[in-house]
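Open the model in your viewer and keep the selection panel at hand. The tour goes stop by stop.

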Amino acid sequence: ATPGAGHGRPGLLGFPAVQPSVADTVVLPPGYQHQVLFPWGHPIVPSGPAFAEDAGNSAAEQAHQAGDHHDGMWFFPLKGGPSGRSGLLCVNHEATSEQLLHTDGRADWSPEKTAKSLAAHGVSIIEVERDRDARWHLVESKFARRVTMTTSAEVTGPAAGHPLLRTHADPTGVRVLGTLNNCASGPTPWDTYLTCEETINKYFYFGEEPPAAGSVEERYGIGSEEPYPWHTTEARFDMREEPNEYNRFGWVVEIDPFDPTSTPKKRTALGRMEHENAVVVRGRRGEAVVYMGDDTQFDYFYKFVGAERIHKAHKRGRSPLDKGTLYVARLDEDGTGSWLPLVHGEPGLTAADGFADQAEVLIRTRLAADAVGATPMDRPEWCTVQPGTGAVFFTCTNNTARTESVNAANPRRENRFGHIIKIDEGGDPGAETFDWDVFLLAGDQASGATVPPDQAFGSPDGLWFDAEGRLWIQTDGTQPTVDGAEQNNQMLAADPRTGDIRRFLVGPPRCEITGITSTPDGRSLFVNIQHPGDSGTPQDPRASSNWPDFSATGRPRSATIVITREDGGVVGG
Ligand code: FEO
Ligand code: CA
Ligand code: CA
Ligand code: CA
């Protein structure tokens with residue numbers, strides 16, 4: 001259905017749309033409330049180190065507190081606990097605002113500042129519980145844990161141990177320190193958490209000269225922006241000293257939240273790119289199928305299809321994500337498409353083409369995808385699978401660099417506001433062909449949007465179907481005005497059956513809204529507010545936002561919030 005076409009028909013959306021807002025607050029529909037649960041610096045257990053609002057916590061304290069830039073997350077109910085009232089929450093910490101992370105910002109950079117920044121990246125695993133009055137709180141928990149940029153992780157799958165993954169500190173090529181730029185996420189059917197390494201290029205220093213045109217490093221964005229200052233105190237981030245360290249990032253990482261001593265696993269069969277999220281479903285043969293996007297201008301949609309059944313792999317002590325076929329999508333002009341296998345030895349992927357083996361195909365996934373003729377998209381961000389139909393929806397957030405090369409799947413020049421693509425595999429996640437359609441074009445009427453003008457939004461990023469089939473859309477980037485009014489980033493809900501779409505939440509200035517999960521009963525919805533105020537200005541970090549503390553001596557903080565209905569009903573219903 002076309003969004004907006006179904007006004008008045010009974011549907012899944014039971015709330016009135018909220019108005020656009022630029023206020024320094026979280027706006028929700030009447031009858032809804034929210035609570036700030038887990039802001040940056042909050043200890044992961046109540047007995048942990050308290051947050052210092054002047055950012056005076058040490059690196060060692062930061063390693064036991066919430067990291068920065070909350071992104072994808074998932075709620076895992078605790079077995080034996082009361083339904084919808086206790087669980088483990090895994091939260092990604094994508095990046096850091098260095099200006100806010102340290103009392104004096106980036107001044108006099110030091111090894112301690114690098115260490116604190118490393119500790120503010122990664123993942124938090126916390127145990128949360130709901131009171132009788134519907135308030136959530138963190139509890140002392142044997143599961144509580146931080147995974148940071150210094151946590152030991154293991155490389156698994158076809159690229160494990162490859163020479164391109166070996167470094168001075170790790171001649172085996174299987175032991176990596178940490179995970180970074182943990183963008184979005186996905187749960188597996190076997191109750192583990194996938195966290196995706198996205199914008200890896202901004203952590204590695206190549207040197208004064210940029211990589212050569214056409215080089216692998218250039219294709220992976222190295223040198224395209226000023227990197228974090230980590231390389232000034234740690235040689236592993238200086239590519240002149242350690243050229244392979246960056247090959248050890250850009251993977252999907254699996255964490256078992258129920259085993260606090262477990263080692264995070266980098267699953268190389270899923271390819272190496274700027275991974276946004278990873279959505280796992282069970283294929284018809286019982287295998288794992290994973291949908292993924294590579295968030296860069298003109299990059300691609302991907303899918304992994306496991307080689308063996310999930311339960312069989314587990315029975316043999318193997319991961320269902322270590323063996324299988326990685327595919328990249330080609331979307332043809334007639335609304336059909338193909339998943340193109342990235343298999344070593346196939347045309348374009350031979351030794352003569354520069355790929356010595358399958359490990360190189362995976363380490364340099366982007367070059368392999370270029371070689372087979374995938375369709376360059378307008379920055380693929382999250383994907384999600386529709387309950388019942390199995391259709392896969394992908395956000396293409398925007399792409400102002402697209403000029404002449406418009407096509408049916410990326411139909412706008414200088415695409416400022418983005419769009420959402422729907423892929424229909426006929427209910428077979430293992431299929432090698434599909435039909436596709438543009439589900440919606442975001443933006444205002446002047447930009448050709450297919451969304452009603454009063455619900456105009458831009459830069460769709462987070463995307464998630466809840467259990468009842470509501471499609472939640474979260475934004476990160478330029479928003480169109482509505483009747484001349486500016487608006488902050490927001491979250492909307494759509495009912496794909498009726499075409500209805502309504503603005504549900506608006507965040508504080510200069511934040512993005514990202515990360516969404518709920519209790520199984522749908523009555524508590526967790527959402528992340530990332531980088532409110534976006535670090536402010538060097539003169540005043542509180543210049544555009546001071547959410548959520550509003551302390552004159554504090555600073556804005558990324559945070560997980562919990563949204564509930566005052567009548568206790570299903571959120572959105
Ligand atoms: Fe981390 Fe593409 O967003
Ligand atoms: Ca972000
Ligand atoms: Ca994103
Ligand atoms: Ca984004």
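**Stop one: a proline loop**

Select Pro548, which sits in the loop between β29 (525–530) and β30 (559–565). Helix and strand labels are DSSP runs counted from the N terminus: helices are H or I with at least four residues, strands are E with at least two. This is a predicted model, in which local features need pLDDT of at least 70 and side-chain atom pairs count only at pLDDT 80 or more, while totals for chains, interfaces and linings use all residues. Residues are numbered from 1 along each chain as its sequence is written, and chains are lettered from A and ligands numbered from 1 in the order in which they are written.

The peptide bond joining Trp547 and Pro548 is cis, with omega about 0°. Most peptide bonds are trans, and most residues other than glycine have a negative phi.

**Stop two: two positive phi values**

Go to Asp108, in the loop between α2 (98–101) and α3 (111–119). Asp108 is not a glycine, yet its phi is positive, about 45°. Is Asp108 buried or exposed? Asp108 counts as exposed because it has 8 C-beta neighbours inside 10 Å. The cut-offs, with C-beta atoms placed from the backbone: buried means 20 or more other C-beta atoms within 10 Å of the residue's own, exposed means 12 or fewer, and partly exposed lies in between.

Next, Glu414, in the loop between β21 (392–396) and β22 (419–424). Glu414 has a positive phi too, about 40°, and is not a glycine. Glu414 has 12 C-beta neighbours inside 10 Å, so it counts as exposed.

**Stop three: the open sheet**

Show the nine strands in the order β13-β14-β16-β17-β18-β23-β22-β21-β20: they form an open sheet with antiparallel pairing. β13 (275–282) and β20 (380–385) are at the edges with a single partner strand each, so one side of each has no neighbour in the sheet. Direction ignored, neighbouring strands here are turned by 30° against each other on average; axes are lines fitted to C-alpha atoms.

Zoom in on β18 (336–341) and β23 (433–441), an antiparallel pair with three bridges. Strands pair if DSSP finds at least two bridges between them. Which residue of β23 is the bridge partner of Thr336? It is Asp435.

**Stop four: Thr481**

Finish at Thr481, in the loop between β25 (471–475) and β26 (490–495). Thr481 is exposed because 12 other C-beta atoms lie within 10 Å. Beyond its neighbours within four places in sequence, Thr481 contacts Asp444 and Glu486; contact means C-beta atoms, placed from the backbone, within 7 Å.

Methods: Axes are lines fitted to C-alpha atoms, for helices over the stretch in contact, and angles run from 0 to 180 degrees between N-to-C directions. Two residues are in contact if their C-beta atoms, placed from the backbone, lie within 7 Å.
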